[in-house]
Amino acid sequence: MKDIREDIAWAKINVDVMKSLENPRKLYWVILFFALMAFGFGVGCEIYQYQTGMGVENVNNPQVWGLYIATFIFWIGMSHSGTLLSAILHLMHADWRKPIYRFAEAMTTFSLMTAGLFVMVHIGRLWQFYYSLPYPNDRGIWPNFQSPLLWDAMAIFTYLSSSVLFLFVGMIPDLAIARDTMAAGWRKKLYTLLALGWEGTDRQWRNFRVTYLTIACFLIPLAVSVHSIVASDFAMSQQPGWHVTSFPPYFVAGALYSGCAAIITLFIILRYVFRFEAYMTKPILKKIVRLTFAIAMVWTYLNAVEFASVWYSHDEVSKDVLIQKMTGTYAPFWWGMIFCGSVVPLVFAFKRFQTNIPVLFAVSLLLNLGMWLERWMIVAPTFSHGYYPWTWDHEQWPSLVAWGLVFASFGWFTLLFMIFCKVFPSVSMYEVKEMVYHRTLHLKKSETAEQGAH
Amino acid sequence: MSVSNLLENWSQVRHEHPVNDKPHDPYKWAMAIDLDACTGCNACSVACYAENNIPVVGKERFQHGQQMHWLRVERYWEEDSREFPDQGFQFLPMMCQQCEAAPCETVCPVAATNHTADGLNSQIYNRCIGSRYCSANCPFKVRYFNWYDYPTDEMVWPAEMTQQMNPDVSVRSKGVMEKCTFCVQRLSAAKVVAKGEGRIVREGEVQTACQQSCPTGAISFGNLVNPESRVHKQWAAQQVVLDADKQAKDEKEEGPGLRGYRILEELRAYPSVMYLERVRESAV
Amino acid sequence: MIDSGSVKQLAGHPFDRRDFLKVLGWSGAAVALSGCGNTSIEDGKETVVSYVEANDYMVPGIGVYYNSTCAQCDAGCSINGRVREGRVLKLEGNPDSAINKGKLCGLGQAGVQHHYNPDRVREPLLRNGNKGETISWDKAYALIAEKLSGVKGEEIAFLSGGVSGHLKALLGNYLDSLGTKNHFVYEAVAPGVVRAANVKAYGVEMPRYRFDKAQVVLSFGADFLGSWVSPVHFSQQYAQFRKGVNGQRGVLVQVESKMTLTGANADRWLAVKPGTEGVLALGIINALGIATGEVAELVKGYDRARVSSETGVAPGQIDKIAALLKLRSPSLVLAGSAAEGYAHGSQNAAAIHLLNQVLGNVGKTVEAPVSVPFPQMAPAKGNTAALKTLNDGLAAGKYKVLFNFAANPVFTAPGAFKFKDNLAKAGFKVAFAHYLDETALQADLVLPLDSAMEDWGTQVPEYMTEGAQINIQQPLMERLHANTRGMGDIVLTLIKQRRADEYKAFEDYYAYLRGAMLQNKGALGGGGVDDDTFWNETLTQGIVKLAGSTGTLTAHAAAAGLTLPAPAASDEQYPLHLIPGVTASLRDGRHTNQPWLQESPDPLTTIVWDSWVEVHPKKATELGIVEGDIVEVTSKTGSVKAQVYLFPGIHPEAISIPVGRGHDAMGRYAKGYGVNPFQIMDAVFDAATGELAMHETRVNIKKTGQRVLVVKDEGSAGALQMGRKIAARVSTDQVDLSKEV
């Protein structure tokens with residue numbers, strides 16, 4: 001099977017994609033409704049938490065971080081695969097990425113925005129959030145540049161702004177198509193504004209290519225650094241279970257892993273909801289699945305590295321934490337993480353599952369559950385089993401408010417993502433055309449060659 | 001307000017204590033706690049509540065681990081599969097160790113927790129945004145976060161009870177971190193008096209609330225760089241050095257008769273609290 | 001935050017404090033906010049707050065200190081209250097007091113929460129059905145006069161906690177004016193049996209114990225560091241005892257069935273079978289082998305095999321203790337719960353005192369106390385025996401009028417007394433109350449009292465140290481509530497109803513007190529100075545030190561009449577001893593409504609805000625109980641349900657529930673937290689004194705199937721350090737204490 005049919009007319013591509021802006025399947029509205037509900041619930045939870053105090057998260061004095069930080073890392077992780085698909089694979093000229101990189105990049109942006117929310121939700125005095133920004137002030141007070149948390153704030157902000165820029169720049173030719181095909185109305189005005197007067201001249205294309213490539217090159221180290229810095233939040237601390245040298249690559253691998261799994265999930269949903277079967281084809285899906293499998297194995301390896309280094313380090317306290325993870329109160333979650341993260345992806349090794357949509361959908365959700373558990377298992381056990389036995393705790397079950405905000409983050413992400421897909425072309429029209437064109441050329445070449453042989 | 005200001009002051013903002021070119025002068029507050037004298041009676045802890053406007057959180061929040069006791073008295077018993085704790089329990093008053101190289105200080109994103117020139121690990125409530133990173137990185141877990149808005153809580157501080165509050169100590173609202181300050185309000189007051197008289201604070205002139213109440217005098221507190229101070233003498237007698245992670249006591253296999261130690265010293269946080277080991281009679 | 005109300009009240013008060021209160025002026029100048037290190041001292045700034053009517057002793061921003069006396073227990077520690085802007089903020093110990101020398105326990109410090117408590121009674125209340133109706137003081141006094149008229153003296157009863165000083169004298173006069181001798185003094189957890197046994201062995205109720213001189217302290221259940229007699233003073237002596245002389249550190253051996261705070265600090269804690277402490281004491285005398293005559297005769301049968309099997313203490317341990325006692329002299333042997341706990345408690349105490357005698361400690365570490373020159377002011381003492389007499393009288397319907405002050409028998413009387421039912425038979429019940437506690441709720445008339453921080457008084461401690469002293473209690477601030485009154489003022493008003501002429505010279509209790517003190521100025525050390533100077537000095541000091549005389553101990557512990565009962569047979573239905581735990585911070589439960597005390601973890605279990613049942617882990621395994629199980633504890637008298645805490649410091653044949661919690665009235669911080677073990681206590685008494693045998697209630701425990709999370713400070717690692725060096729320990733042969741600072 002081929003990644004894409006070579007005989008799709010360019011005009012049909014335009015029509016198919018532009019149709020997605022108008023009449024998706026009913027499921028779209030169902031998803032939007034539930035996303036809105038979940039988000040609304042979260043808003044309620046946050047208002048309550050803001051008014052009452054952080055205690056409603058049900059965290060306590062030794063265990064000061066909980067679900068919010070875990071979910072924060074999860075969403076940061078999610079953002080990585082978008083960059084992988086749009087930037088890394090772009091540089092590697094993997095053209096099968098073309099129909100899907102747009103939504104992946106959108107995913108990057110929105111999951112970063114979701115992660116950013118958790119920083120807000122987590123801090124005790126949201127109203128003083130700006131203290132963490134290095135803004136000039138006449139008291140000469142600066143934030144603490146030694147703190148990984150400050151690096152975090154900066155890295156996320158930079159990554160988010162670059163991602164938005166990358167998403168936007170990559171969309172300009174498509175926005176121009178939308179502008180040209182759309183009937184008069186608010187959308188036309190919007191596209192006209194955003195298309196920045198794109199006419200498709202040779203000079204514009206040349207500048208566009210250079211700009212796009214430059215941002216892509218800029219984005220890759222940024223993506224790696226962001227999750228490395230999130231890893232530093234833990235690795236730079238002194239706590240057992242966190243103070244691990246291999247944390248940055250481990251975090252990056254985990255990030256790519258969960259991101260790819262999320263791409264599979266969204267791929268399947270978009271393909272159905274927006275009737276993109278002709279573009280988001282099973283062969284492309286298969287490629288993503290194989291990529292995911294490879295990353296899963298890398299992640300598993302890095303896990304093993306971490307355990308082994310703890311085990312052989314003679315750091316008794318860290319060892320205690322590890323043993324506690326495996327056998328203590330958190331054991332079901334920890335083993336759930338191992339199962340979902342290392343065992344479940346083995347399904348991908350079987351060819352017949354690599355294109356089986358229901359199986360892939362279920363597995364992709366399980367993988368992400370596993371990755372979410374991984375983050376929780378990084379955060380929580382160190383608190384409940386750290387240096388100081390007197391403060392060890394057994395009962396840190398997150399409250400309804402905490403769970404509410406976690407679910408709401410999924411609602412918020414889905415809401416942003418679904419609205420994006422309805423407002424902007426979620427399949428890159430110009431790049432699909434390129435892809436089809438390249439394939440046609442390739443086909444013609446081989447046909448000519450065949451003919452020549454006769 | 002400029003970046004040059006930042007660069008100029010950077011070395012001041014974060015200088016690790018103690019360093020050779022910037023010794024503690026004239027103050028370095030420190031403590032010594034004799035565990036052989038401590039009976040675990042909790043008077044110190046109550047004194048701390050009274051002095052420092054610490055909220056009483058109530059049963060439900062205590063159950064959730066949200067208690068605010070800056071000074072907690074821990075109780076240990078080593079089992080060795082004995083039927084009874086026939087050598088008694090071991091009590092340990094644990095409060096902020098005012099580390100010289102404090103793990104909490106470096107991680108705060110807004111520099112709300114700082115080192116003062118007299119060797120305290122200070123917490124600026126106004127500046128704190130509540131990221132709780134300091135507590136996450138504290139090996140002793142002695143930092144307490146205001147999970148709720150206690151000053152407005154009728155059960156915690158009914159109107160009548162608010163009259164007891166110490167006006168010298170800020171009342172903390174929700175969302176900020178707090179911890180033992182070595183009764184900095186008393187230190188400041190004593191320093192003002194001393195400064196007015198052109199001298200440094202004398203030994204015994206200032207006491208922390210816990211030290212003041214302790215019926216057995218287990219807690220001593222004072223200026224470590226003042227050779228006259230009891231704390232200085234105790235540290236010296238036990239050969240405990242502030243900026244070391246191994247002491248004379250650890251050097252020999254057989255104990256050289258010393259009993260001063262600092263908790264989790266190997267982490268190189270250089271705590272300012274020295275404990276003296278509990279003694280147990282070998283004849284019974 | 002500054003309470004302008006109290007400022008105004010100060011200005012308009014009938015007596016002007018600036019005349020006689022000296023500002024001690026300990027505190028510093030303007031101080032910085034806490035938490036900012038030394039970076040924000042507002043040095044030299046002008047005072048922003050100004051008072052139109054400022055009192056000269058009240059400088060905004062400056063704390064001043066007044067001396068007074070702690071009223072949280074009867075030990076008589078002198079306190080030093082910090083007052084700022086007319087409000088008392090904190091209580092500290094008065095360094096001039098020989099008793100507490102500047103120190104103060106947690107219970108004492110919580111006195112400010114007694115004072116500022118939101119649940120105090122604020123108005124006189126008259127019962128109207130199930131409600132209390134606010135009435136005026138005049139009406140209340142008139143009502144008392146009306147109810148007393150025509151009532152015979154023997155039909156009037158006055159129940160009180162321990163009282164001393166001028167209040168005791170005045171109260172005595174009032175009762176005399178009523179023609180009644182029915183003054184029942186009742187303290188639920190005071191050492192009644194020990195006092196009686198001390199009289200036999202030493203000739204005094206409370207000798208002076210010299211922990212500081214002892215090289216070994218062998219305590220049979222005396223929790224002298226926690227709740228016994230004068231814990232702050234003993235703690236200071238304990239510190240000296242531990243330091244020892246020339247590095248010879250004192251050794252503490254504690255013998256008891258339930259570990260107390262003192263037991264937790266012992267070098268050797270011995271869990272004995274409940275009630276066999278006397279046997280062990282005789283066994284040690286036997287092992288010492290230095291007794292002669294009838295004592296030797298008495299202990300002959302107590303060889304180590306028998307003693308070991310009866311007490312459960314290993315034979316080798318008995319030898320070790322005997323050897324230690326022989327080696328290090330003087331030592332000090334104390335009887336505590338061994339005496340208070342059992343029907344043969346007096347016999348236990350006699351055996352223990354005999355050991356002290358044999359060791360030759362009497363006169364060395366047990367000294368004669370100083371005698372107070374004014375016996376009429378010495379504290380009135382009494383335990384459950386007094387309450388029993390009252391209870392019997394109430395049951396018989398003897399009393400038409402009952403007064404109650406500083407006691408809460410509805411809460412603390414053993415359940416077997418059915419005190420609440422009997423109380424209902426009294427005609428007219430007047431309660432002088434701080435809170436609407438269980439007893440006040442049963443009263444017909446509740447009269448609200450001033451707190452100890454608002455009231456005048458004198459207090460004479462039962463346990464004196466270096467010299468005799470009378471403690472002064474003076475107001476540290478103005479009344480918080482306009483309609484509370486001092487107990488002295490109330491009694492004075494009441495006595496004026498009977499003997500108006502004798503007392504008309506005294507406008508109020510303050511005038512009475514001042515008059516009384518000045519009258520005796522010479523004897524109080526004020527000879528030769530004028531009245532005002534003397535009075536000012538007295539109030540400034542907060543203590544009147546007296547030249548008391550020290551005698552010698554007259555009596556002698558003897559073997560005659562000492563018989564210990566055979567070990568109690570095991571009871572199939574109620575196999576366990578119930579040991580009510582007396583904790584340092586809650587005592588008998590009168591201060592449970594002070595939140596600092598509720599949230600101050602129990603030192604041994606670290607439990608807060610709740611009661612618990614201490615069960616030995618071995619016993620728990622046997623019964624299939626784990627921590628947090630709710631069990632039903634049933635005695636012959638009743639049953640309570642509480643959570644289990646597995647505690648190694650208790651004999652497997654006993655369980656313990658702390659007293660002090662389980663209030664169903666009193667206030668927001670007390671009501672509904674925990675259970676009250678007094679409720680299920682049987683009426684078993686010490687044979688010799690008639691006092692309640694606290695540990696003799698037998699119980700069984702049953703699982704209810706419910707389980708809760710125990711609210712405590714310790715984490716899931718419990719008492720373990722998990723191999724980390726946190727609370728370190730060293731044995732004496734490893735250290736040289738003589739070189740320490």
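Predicted model: local features only at pLDDT ≥ 70, side-chain atom pairs only at ≥ 80, totals over all residues.

Q: Is C:Gln72 buried or exposed, and how many other C-beta atoms lie within 10 Å?

A: Residues are numbered from 1 along each chain as its sequence is written, and chains are lettered from A and ligands numbered from 1 in the order in which they are written. A residue is called buried if 20 or more other C-beta atoms lie within 10 Å of its own, exposed if 12 or fewer, and partly exposed in between, with C-beta atoms placed from the backbone. C:Gln72 has 24 other C-beta atoms within 10 Å, so C:Gln72 is buried.

Q: Where does C:Gln72 lie, and with which residues is C:Gln72 in contact?

A: Helices (H or I, at least four residues) and strands (E, at least two) are DSSP runs numbered from the N terminus, and C:Gln72 lies in the loop between strand E1 (64-69) and strand E2 (78-84) of chain C. Two residues are in contact if their C-beta atoms, placed from the backbone, lie within 7 Å. Leaving aside neighbours within four places in sequence, the contacts of C:Gln72 are C:Leu107, C:Gly108, C:Ala110, C:Gly111 and C:His591. For C:Gly111, which is 39 residues apart from C:Gln72 along the chain, the C-alpha separation is 6.3 Å.

Q: How should I read a strand, and how many residues of strand E19 of chain C are buried?

A: In a regular strand the side chains alternate between the two faces of the sheet. In strand E19 (residues 468-473) of chain C, 6 of the 6 residues are buried, so this strand is largely enclosed by the rest of the structure. C:Ala468, C:Ile470 and C:Ile472 point one way, and C:Gln469, C:Asn471 and C:Gln473 point the other way.

Q: Which strands are joined to E19(C) by bridges?

A: Strands of a sheet pair through backbone hydrogen bonds, either parallel or antiparallel, and here two strands count as paired if DSSP finds at least two bridges between them. Strand E18 (residues 457-459) of chain C runs antiparallel to E19(C) with 3 bridges, and C:Gln459 stands opposite C:Asn471. Strand E20 (residues 543-546) of chain C is also antiparallel to E19(C), with 4 bridges, and there the bridge partner of C:Asn471 is C:Ile543.

Q: What is the strand order of the open sheet in chain B?

A: The open sheet of 4 strands has the order E8-E1-E10-E9, with mixed pairing. Its edge strands, each pairing on one side only, are E8 (219-223) and E9 (260-261) of chain B. Strand E1 (residues 29-34) of chain B is antiparallel to E8(B) through 5 bridges, and B:Ala32 has B:Ser220 as its bridge partner in E8(B).

Q: How many residues do chain B and chain C give to their contact?

A: The contact takes 91 residues from chain B and 95 residues from chain C. For the classes, Ala, Val, Leu, Ile, Met, Phe, Trp, Tyr, Cys and Pro count as nonpolar, Asp, Glu, Lys and Arg as charged, and the others, Gly among them, as polar. The side of chain B that touches chain C has 41 nonpolar, 30 polar and 20 charged residues. Strands pair across these chains as well: E11 (residues 278-280) of chain B and E28 (residues 729-731) of chain C are parallel over 3 bridges, with B:Val279 opposite C:Val730.

Q: What does the contact of chain A with chain B take from each chain?

A: That contact takes 39 residues from chain A and 41 residues from chain B. Helix H6 (residues 148-181) of chain A gives the most to the chain A side, with 4 residues, and that side divides into 17 nonpolar, 19 polar and 3 charged residues.
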